[in-house]
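Colleague: I am new to this one. Please walk me through it.

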Amino acid sequence: MAEQPTLGRRERKKAATRKAISNTATAMFLERGFDNVSVREIADRVDVSPTTVFAYFPQKEALVFDEDDEQREALVAAVRDRDPEVSITDALHRYFAAGILESRTEHGDGAQRFMEFLDATPALTDYAARMWTRHEHALGAAIAEDFGLDAPSPEIRAYARFVLQVQLLATADDDPEAVLDGAFRILNDGWRSFAAER
């Protein structure tokens, strides 16, 4: 595996600024509500200009979700870097289940509070869903590559969309593990017949 290049000072500073803006905004939103905090207030708290905030986050909703690129890469890696004996469906099931467990253990009540905050803010719920499903193309491309195809087939495109919707459904449910287990059981049965034809 190729070594990841080390970020230079400028890139590190930009990444730190981006993280500081997102963390500050999220804390302020949790404290006062999304609609009750302005971008100018966030900028003042971080000691940057509103223009700088928008340079990192093109809209206010994006301030809460600063790990979009990392999530896309992790999703693709779940397919690309899995053990050859593990099916794509099983790899994605394990990836989503691990994410739910990690969120609970690392963030505890904070994760629950954050999810309640998202649920109570329709603009953020809608933005999160749109942001997550944008990964459909990257996931479809990774699966197509796994099958040696130049581009995702209609079946792969549909499968990628279904899988991403499963994660959204599970995250919003009181029993996400049960939703994941049930949904992936259905996906796996349908996926086997398609995969066998490749």
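Colleague: Which residues of the largest nonpolar core touch the most other members?

Modeller: This is a predicted model, where local features need pLDDT of at least 70, side-chain atom pairs count only at pLDDT 80 or more, and totals for chains, interfaces and linings use all residues. Residues are numbered from 1 along each chain as its sequence is written, and side-chain values use heavy atoms, without hydrogens and water. A nonpolar core joins buried (under 20% relative accessible area, 1.4 Å probe, protein chains only) Ala, Val, Leu, Ile, Met, Phe, Trp, Tyr and Cys residues through side-chain atoms within 4.5 Å. The largest has 25 residues, and those touching the most other members are L92, L139, V163 and F184.

Colleague: Which helix gives the most to this core?

Modeller: Helices are DSSP runs (H or I, at least four residues), numbered from the N terminus. At least two core residues come from each of α4, α5, α8, α9 and α10. With 7 residues, the top contributor is α9.

Colleague: Which residues of α8 are buried?

Modeller: Just after α8, G148 has a positive phi of about 75°. Within α8, the buried residues are E136, L139, G140, A142, I143 and A144.

Colleague: Are α1 and α2 roughly parallel or oblique to each other?

Modeller: Their axes, lines fitted to C-alpha atoms over the stretch in contact, lie 10 Å apart. The angle between N-to-C directions, on a scale from 0 to 180 degrees, is about 125°. Under 35 degrees is roughly parallel, over 145 roughly antiparallel, 65 to 115 roughly perpendicular and the rest oblique. Therefore α1 and α2 are oblique.

Terms used: Buried < 20%, exposed > 50% of the residue type's maximum accessible area, 1.4 Å probe, protein only.
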